[in-house]
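Student: I have a protein model open and would like to learn how to read it. Could you take me through it step by step?
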Amino acid sequence: MSAITGRSGFDGRRITVAGLGVSGVSAARALAGLGAEVTVVDGGEGERQRATAAELAAAGVETRLGDGATLPKGTELVVTSPGWRPDSPLFAAAAAAGVEVVGDVEIAWRLRGERAAPWLAVTGTNGKTTTVRMLAAILKAAGLRAAAVGNIGDPIIDAVLADPPYDVLAVELSSYQLHWAPSARPHSGAVLNLAPDHLDWHGSMAAYAADKGRVYEGNEVACVYNAADPATEALVREADVVEGCRAVGFTLGTPGLSQLGVVDGILADRAFVPDRRERAQELAEVTDVDPPAPHNIANALAAAALARAYGVEPRAVRDGLRAFRPDPHRVQRVAEVGGVLYVDDSKATNPHATAASLAAYEPIVWIAGGLAKGATFDELVAGAAGRLRGVVLIGADRGLIAEALARHAPDVPVVDLDRTDTGAMAAAVHEATRLARPGDTVLMAPACASMDMFTNYNERGDVFAAAVHALAAGQGEQ
């Protein structure tokens, strides 16, 4: 069966959408609006699902709750939400019936018109959201109608169908989304870093990396890679790109040929200048980046590289970075109390993200723990041991971190709070304060998921911040 594509190509076609999440609802509405006969299937049947189903019914969309495994009769295409695993029974049924399975990103790509906005795409294990939001800020500073979409912000299908159309889209793509988007061909793409994550979904590190590498397929101008992470450059070498597309690296050191980097506190471009062998272009200062932590400087360089690949002038890079403000719970300064800085990086849900956080401060009293998701912590602890004043552990899998600390940082004081209730965070802040000295940073960067104690990492960060503010109110916030 030929692929269903083009805005007119969906008229009258029978489409099944898997999942009632944000992307699934967006796809269902858009496809129904194009004349498709849409059925949404979802294994849940709670209050939220029923309310959403009622809203979709008004738009002519049928919803089947409590059964996410049965393929509706006559289905010609399945559109999946990103989190549905490739081995889901619904997809097995689709394969048996010869029905294609794609994601919302693929549908968005197929719905692009003749004058469609180019995509500047970002993926990686950590830093995607921040980089895409930085990129969008730079594009807007250049006077372009732009938006941060995909795995962030507005659903990508809505952005593609927007009227008036966007000039360019900054697109965050997860490994799940890339897996289900075989046709997407960004103008330029970036892989920020690669570390083991979501391996239960992908099956192996090789499969995970291969899906990340899809962001480079069909790139026209630049494949942006992390010079400090050889695995990202290897993915560039394997990509099938448009002739003339260049590999462009970013580095926290002095940039080499075709790289962006840092020279004496200046973000410098040796990739998109007329004579890159002899000179570099100043883009911004390190202090223009908020916060100016090393991993965030790397994010800014990647965003700048994609913007420069699109032709954005240096001044817009600087102005966009100055205008950017980080999302909550991403290396967020909460307060300084008694000479101790308290920082919320609840978004650091794996060891790779936490390593970047720990590298940004010294000395540190580290609050860590939660759901490990199969992660190991030896490399993380060994790398950070010299920066640690003390550690406070919470959460279901805190024992795994405790064991790594015993092996690699045996002299660091550790407080093991045998609790998984939400009140444990206030106790953790109290214990961290007891361990800290003026000039130290109390860093809540758990290296674990939050669902053992909290609804999500946002709630975990909010509870941490509330505990710190209560402490500040008692001692006088500085």
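Tutor: Helices (H or I, at least four residues) and strands (E, at least two) are DSSP runs, numbered from the N terminus. By that rule, Pro164 sits in the loop between α6 (156–160) and β8 (168–172). This is a predicted model, in which local features need pLDDT of at least 70, side-chain atom pairs count only at pLDDT 80 or more, and totals for chains, interfaces and linings use all residues. Residues are numbered from 1 along each chain as its sequence is written, and side-chain values use heavy atoms, with hydrogens and water left out.

Student: How many helices and strands are there in the protein?

Tutor: The protein has 17 helices and 20 strands. Along its principal axes, the C-alpha trace spans about 70 × 60 × 40 Å.

Student: What does the radius of gyration tell me?

Tutor: The radius of gyration is taken over C-alpha atoms, and the globule rule is 2.2 Å times the number of residues to the power 0.38. For 478 residues, a compact globule would have a value near 23 Å; the protein has 23 Å, so the two agree.

Student: Which peptide bonds are cis, and where is Pro291?

Tutor: Most residues other than glycine have a negative phi, and most peptide bonds are trans. Here, a cis bond joins Asp163 and Pro164, with omega about 5 degrees. Another cis bond joins Asp290 and Pro291, with omega about -10 degrees. Pro291 belongs to the loop between β14 (281–285) and α11 (294–309).

Student: What about phi: what values do Asp264 and His329 have?

Tutor: Asp264 has a positive phi near 50 degrees, although this residue is not a glycine. His329, also not a glycine, has a positive phi of about 70 degrees. Asp264 is in the loop between β12 and β13 (266–269), while His329 is in the loop between α12 (314–323) and β15 (332–337).

Student: Are Asp264 and His329 buried or exposed?

Tutor: Buried means under 20% relative accessible area, exposed over 50%, and partly exposed in between (1.4 Å probe, protein chains only). Asp264 counts as exposed because its relative accessibility is 78%. His329, at 4%, counts as buried. Across the protein, buried residues make up 55% of the 478 residues.

Student: What is a nonpolar core, and how many residues has the largest one?

Tutor: In soluble globular proteins, nonpolar side chains tend to be buried together. A nonpolar core is a set of buried Ala, Val, Leu, Ile, Met, Phe, Trp, Tyr and Cys residues joined through side-chain atoms within 4.5 Å. The largest in this protein has 52 residues, and Trp119 and Leu169 have the most contacts inside it. Helix α1 (residues 22–33) gives the most to this core, with 6 residues. Apart from it lies another core, of 45 residues, including Leu135 and Val312.

Student: Which residues is Leu169 in contact with?

Tutor: Contact means heavy atoms within 4.5 Å. Leaving aside neighbours within four places in sequence, the contacts of Leu169 include Trp119, Ala147 and Val160.

Student: How far apart are Ala142 and Ala316 in sequence and in space?

Tutor: Ala142 and Ala316 are 174 residues apart in sequence and 5.0 Å apart in space, C-alpha to C-alpha. Not counting residues up to four places away in sequence, Ala142 touches Val312 and Ala316. Ala142 lies in the loop between α5 (128–141) and β7 (146–150), and at 35% relative accessible area this residue is partly exposed.
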